[in-house]
Amino acid sequence: MRKSATQATACGAALTAAALLLSGCGASGSASPEKSATGPAKRGGSLAMSLGSAIDTWNPQKALATQSFRVFPQVYASLLRSTPDGKKVLPALASSYKTDPAAKTLTFTLNPAAKFSDGKPVTSADVKFSEGLWSKGELYGSYFSSIKSVETPDPKTVVFNLSQADETLPAVLSTANAAVFPDNYGGKSEAAYWKKPVGAGPFMVNKEAVGQSISLARNPHYYRSGLPYLDGVDYKVVADGGQQLLQFQSGAVDVVNGVELEAAAQYPKDSIVGAPSSGVSVLTTNTKSGPLKDGRLRKAIALAVDYKKLVAGGYVGEASLATSLLPQQVPGVTKCPTCTWSTTDLAEAKDLVEQSDYSGQNLELIVSSDSGPGKLAAQALVPMLAEAGVKVSVNPQPTSSLIDKLSKSDFQLGVITYSALAPTPIDPLGFLAATGNVFSQSDPEPDNKALVAVHAASTPAEVKTAVQGFEAAANASYAVIPLAVPNALDAVADRVQGFVAAPYQAYCADELSIKN
Amino acid sequence: MTDTAKIAAEEAPPARKPRSRRRRGDGKVAVGMVIVGLFVLAAVFAPLITSGHPADQDLLNRLAPPSHAHLLGTDQLGRDEWTRLVYAIRVDLRVALLGSLIPAILGSLIGIAAGLGSSWLDTAIMRTSDIVVSLPLFIFFIALVGLLGPGTGFLFLGPGELPLIIGFTVISWVVYARLLRSEVRRVRSMDYVRAARLGGLPRWRVIGWHIVPNSIGQTVVYLFVDVGLAVVAISTLSFLGVGIPIETPEWGAMIQSGRTVIQTNWWLIAAPGAAIALIGMGLALIGDGLDDRIKS
């Protein structure tokens, strides 16, 4: 029951938080492209980083803003951490874990070096307390629905009793949504704790000017010996893309988190670090009212789009073709063999428009006016659809209005980018199910069926089968049309060493350092 | 020639040098008219001096530099910048003109009523205008346009234009009303108006023949300045993403979209920026010149 109750809010989270970072620290793997190390890392110094907007809360269970999940990995640590490519999990606060499919348990042995920034050791009681917060989370609680109970046989051992074997759980446990907090908030009141939280991440909160800046200082008790290299990280909120560029050029900012795609070419070429994001830009249609009730018109729209040109122009070349409706970077998501996503056939599109009930009226396409690549893409779609005989006008909306219109089904067409919040298909599937397939109000049955199957999957093959079943059903309805997979870009100054872009735009700053 | 005629010719005053017909302000008006006229001509003959349609995209030729094929290069969607710049004149001038003319007519009528009506009517109008003046202009516009939505156009107006004109009307009538009210109050106490009244002329004739024509001068001057201000306001609102639909060629929207590539394709901002400055200057010169004429 908890799952269904929480899904509706989780979807909002996935939409507004355009992409989420992995909380796992320790970018020890290799990711390309990256700002690779050119010499031995030097200890000391601090870096200034820009955030496109302020963090909305320090509580990961209530956080919606993407920017919050950029900051969390610096302050919090989880039982596991992810490799920079987001495909494998590594030990973190837990030095090891073992699964017992027969007993349906997941047992963690905590790292003896794991301590919170106040010097107190991380114990099994802390994990049990934290799991209580995760499961009760209004936004992300459903990710932990397979955890039935938590046992703490000793201070360094935690046993998760599961309702079913859950292939996706370790990945979820490597995110900031599964950050470990001190038992009973370390003796503080809940409100006091979330004002200035104590975590086991590489840094601790030093100062915060709400909505403007956050100053983090090195956590002297960090579990990874010798890290972090930096003495501190200073985040400042710089909302305007032009300002971000100017501050980066002047040296006032060392790292721009989330460079606007359109502005990327203005940055020095070697400063941009990018990776395919965990998001997908989609064209969603209102299948319950208006001319888009007609599936033939929806299919015509899908076939009228020249996806290669759209990627080149609408996404300024900073995207790749979408091969699935679910974010294709997410482990377990693969191209469905029967799906025809990103296929163009103008002749058939014209035929379908002729056959449909569409009478040539203007269709309004809403898109966020605030940020993101959608605005340009939406404009690029207009002449493509016009060529097939579908008249469309673009109406940019502030993100809040956009979400309001989408959730009230007060729209005809919408371009949005939704992102996975964790490296598991559970998250995007949950988002799609809860939003009636990105607010298109199409049949949620395939989503729910896939969700159940993925939760119950014990092997990657079972996950793949469930996901492909969903993709085939989504492709048949054309209620939501994936347009492109936009890149996630960061700008990193030359003096920064050790930066590795992660597909979920999240990186931990523990291995960042300043060049000699 | 007879003696009489000779004497008359000798006594005739020397022929006067013809007085210059130029009046103060003529130069400004002329320069202003040339600038505005060029813009109007460009708008009228847009299809002849541009290539293609302003909405035509060439996604594989984005951000091309200025060339023979594209005088001002191409924008983020491969649209010809020169074509968009020229077609934008139609949109900006149309909305600015109507957004100034309608409130000018409405405000003038209200101003005349306030200036000639009873004291309670004058008070009511002036207090109402105080309220309108206190409205934060751009917030009001954003709210109004959001409320009305862009629509699909009205008569010869394109989508998004009518809400802007309504917004200008709601806000701008006040200036005209106050201007004309004070002029009317000044003129109505002039001796020639009193004489006309005492001479038994009907009230409507005194107003129509003596008061209004002698009060309207400053309003006409301000109208030209107001059109220029309206162009700037429309561009500002479009820059903020309010009003004219995003795909419509409009100077403010062009500056907005060029903002992100200012360092590599600065002309995408410079060209519409210069257009706004030029048309504003042209209209201001006309207004200024007319003002000089009235004062001289």
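Visitor: In strand 6 of chain A, which residue is the bridge partner of A:A94?

Guide: A:L110 is the bridge partner of A:A94. Strands here are DSSP runs (E, at least two residues), helices are runs of H or I of at least four, and both are numbered from the N terminus. This is a predicted model, where local features need pLDDT of at least 70, side-chain atom pairs count only at pLDDT 80 or more, and totals for chains, interfaces and linings use all residues. Residues are numbered from 1 along each chain as its sequence is written, while chains are lettered from A and ligands numbered from 1 in the order in which they are written.

Visitor: How many bridges between strand 5 and strand 6 of chain A, and in what sense do they pair?

Guide: Strand 5 (residues 94-100) and strand 6 (residues 105-110) of chain A pair over 6 bridges, in the antiparallel sense. Pairing requires that DSSP finds at least two bridges between the strands.

Visitor: Which residue in that hairpin takes a positive phi?

Guide: A:K104, with phi near 55 degrees. The hairpin has 4 residues between the strands.

Visitor: What order do the strands of the open sheet take?

Guide: The order is 5-6-8-7 in chain A, 4 strands with antiparallel pairing. Strand 5 and strand 7 (147-154) are the edges, each pairing on one side only. On average, neighbouring strands of this sheet are turned by 20 degrees against each other, direction ignored. For angles, axes are lines fitted to C-alpha atoms, for helices over the stretch in contact; values run from 0 to 180 degrees between N-to-C directions.

Visitor: And how many bridges join strand 7 to strand 8 of chain A?

Guide: 5 bridges join strand 7 of chain A to strand 8 (residues 157-162), and the two run antiparallel.

Visitor: Which strands does helix 3 of chain A lie across?

Guide: Helix 3 (residues 124-136) lies across strand 6, strand 7 and strand 8 of chain A. It runs at about 170 degrees to strand 7 of chain A.

Visitor: New topic. How many residues of helix 7 in chain A are buried?

Guide: 8 of its 10 residues, so helix 7 (residues 295-304) of chain A is mostly covered. Buried means 20 or more other C-beta atoms within 10 Å of the residue's own; exposed means 12 or fewer, partly exposed is in between, and C-beta atoms are placed from the backbone. The buried ones include A:L297, A:I301 and A:L303.

Visitor: What covers them?

Guide: The cover includes strand 14 (279-285), helix 9 (346-355), helix 10 (374-387) and strand 19 (480-492) of chain A. Contact means C-beta atoms, placed from the backbone, within 7 Å.

Visitor: Now chain B. How many helices and strands?

Guide: 12 helices and 0 strands. The C-alpha trace spans about 90 × 70 × 35 Å along its principal axes. Chain B has a radius of gyration of 25 Å, whereas a compact globule of 296 residues would be near 19 Å. That radius is taken over C-alpha atoms, and the globule rule is 2.2 Å times the number of residues to the power 0.38. Buried residues make up 42% of the chain's 296.

Visitor: Why does helix 8 of chain B lie largely in the open?

Guide: Because the number buried is 0 of the 8 residues in helix 8 (residues 191-198) of chain B. B:G200 follows helix 8 of chain B and has a positive phi near 90 degrees.

Visitor: And B:I234, buried or exposed?

Guide: B:I234 is buried, with 31 other C-beta atoms within 10 Å. It lies in helix 10 (residues 217-239) of chain B. Leaving out residues up to four places away in sequence, B:I234 touches B:D92, B:V95, B:A96, B:L164, B:G243 and B:G252.

Visitor: How many residues does each chain put into the contact?

Guide: 20 from chain B and 22 from chain A. The chain B side has 9 nonpolar, 8 polar and 3 charged residues.

Visitor: What are the confidence scores, ipTM and pTM?

Guide: ipTM is 0.74 and pTM 0.76. Mean pLDDT, the predictor's confidence in each residue from 0 to 100, is 86 for chain A and 87 for chain B.

Visitor: Where in chain A does pLDDT stay under 50?

Guide: Over residues 1-33 of chain A. Where pLDDT is low, the predicted coordinates should not be read in detail.

Note on methods:
Two residues are in contact if their C-beta atoms, placed from the backbone, lie within 7 Å. Ala, Val, Leu, Ile, Met, Phe, Trp, Tyr, Cys and Pro count as nonpolar, Asp, Glu, Lys and Arg as charged, and the others, Gly among them, as polar.
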